[in-house]
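Subject: Structure handover

Hi there,

Here is the structure I promised to pass on to you. Please have a look at it first, and then read my notes below.

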Amino acid sequence: MLMKTEKPFVLALIAVIGPQRELGANNNLLWHISEDLRHFKALTMGHTIIMGRKTFESLGKPLPGRKNVVLSRSGLSLEQALVQEKAQAEEQAEVFVVGGAEVYRQAMNLADRLYITHVQAPLPEGGADVFFPEIDPLVWQETARDDQPRGATFPYPFSFVTYERRPE
Ligand SMILES: NC(=O)c1ccc[n+]([C@@H]2O[C@H](COP(=O)([O-])OP(=O)(O)OC[C@H]3O[C@@H](n4cnc5c(N)ncnc54)[C@H](OP(=O)(O)O)[C@@H]3O)[C@@H](O)[C@H]2O)c1
């Protein structure tokens with residue numbers, strides 16, 4: 001198991017979640033919020049993004065302008081991906097874990113920072129089948145928040161929140 005201190009970079013998880021930490025259904029996102037896609041792009045552009053094979057399939061293609069690292073049990077593990085980044089990343093560069101649920105669960109204990117878009121909207125019919133891990137307030141401190149009453153075409157409130165791991 002890789003220790004946090006072995007990483008020369010900041011490991012950030014980025015996700016958009018519902019009120020009960022809902023992440024997706026049927027290998028798709030639950031909502032499409034253009035402001036959130038812009039936010040995701042602005043943060044991740046030029047950086048490495050690490051994702052599970054199912055999330056990669058759901059995207060359908062690599063995201064441009066970023067190094068896309070796809071995890072699969074028949075390929076790269078999370079540990080191998082992080083060792084590879086350690087060898088290549090510049091000091092204090094941000095490396096992003098972009099999902100999905102299975103990969104967030106494994107990366108949560110290694111992460112330094114979380115970028116969470118909290119969405120207060122009804123779920124699509126059928127609800128969610130994957131969830132983000134619990135964000136324990138004893139572990140994670142909210143350091144930035146931007147509340148939006150609605151998007152240009154999305155009629156519900158959402159908030160861009162940054163959490164940093166509290167010092168041990
Ligand atoms: N709301 C959001 O921000 C957000 C972001 C991303 C994704 N999502 C949603 O999340 C869902 C997908 O999540 P998911 O949990 O089903 O799948 P996932 O985490 O995207 O991918 C799971 C796959 O990743 C590979 N994997 C996971 N851990 C690994 C490890 N330690 N070593 C090697 N390979 C590993 C395995 O691939 P193999 O089976 O090939 O071995 C596994 O089946 C979709 O609904 C998607 O839309 C939501």
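What follows is a short tour of the ligand site, the core, the aromatic rings and a few backbone details.

This is a predicted model, in which local features need pLDDT of at least 70 and side-chain atom pairs count only at pLDDT 80 or more, while totals for chains, interfaces and linings use all residues. Residues are numbered from 1 along each chain as its sequence is written, and side-chain values use heavy atoms, with hydrogens and water left out.

Let me start with the ligand. There are 27 residues around the ligand, and Arg-53, Thr-55, Ser-72, Arg-73 and Gln-106 come nearest (a residue is near if one of its heavy atoms lies within 4 Å). Backbone atoms also take part: a nitrogen atom of the ligand lies 2.7 Å from a backbone N or O atom of Val-16. For one oxygen atom of the ligand, a polar backbone atom of Arg-73 is 2.7 Å away, and a polar backbone atom of Glu-102 is 2.8 Å from an oxygen atom of the ligand. The protein buries 89% of the 930 Å² that the ligand exposes when taken alone (Shrake-Rupley areas with a 1.4 Å probe; for residues, only the protein chains shown count as cover).

Next comes the core. The largest nonpolar core has 28 residues, and those with the most contacts inside it include Leu-13, Val-97, Phe-132 and Ile-135. Such a core is a set of buried Ala, Val, Leu, Ile, Met, Phe, Trp, Tyr and Cys residues joined through side-chain atoms within 4.5 Å; buried means under 20% relative accessible area, exposed over 50%, and partly exposed in between, with a 1.4 Å probe and protein chains only. Among the elements that give two or more residues to this core are strand 1 (10–17), helix 3 (78–88) and strand 10 (158–165). Helices here are DSSP runs (H or I) of at least four residues and strands are E runs of at least two, numbered from the N terminus. Leaving aside neighbours within four places in sequence, Ile-135 is in contact with residues including Ile-17, Met-108, Trp-140 and Tyr-163, where contact means heavy atoms within 4.5 Å.

Thr-48 lies in strand 4 (residues 48–52) and counts as buried because its relative accessibility is 9%. Its side chain makes a polar contact of 3.0 Å with the side chain of Glu-85 (N or O atoms within 3.5 Å; within protein, one must be able to donate a hydrogen and the other to accept it, and residues adjacent in sequence count only if both atoms are side-chain atoms).

On to the rings. There are five aromatic pairs, counted for rings of Phe, Tyr and Trp (its six-membered ring) with centres within 6.5 Å; planes under 30 degrees apart are stacked, over 60 edge-to-face, and the rest tilted. Phe-154 and Phe-158 are edge-to-face, at 6.1 Å centre to centre and 65 degrees between the planes. Ring pairs link Phe-154, Tyr-156, Phe-158 and Phe-160 into a cluster.

Finally, the backbone. Most residues other than glycine have a negative phi, and most peptide bonds are trans. Yet a cis peptide bond joins Gly-99 and Gly-100, with omega about -5 degrees. Arg-21, which is not a glycine, has a positive phi of about 65 degrees, and Asn-26 has a positive phi of about 55 degrees. Asn-26 counts as exposed at 67% relative accessibility.

Best wishes
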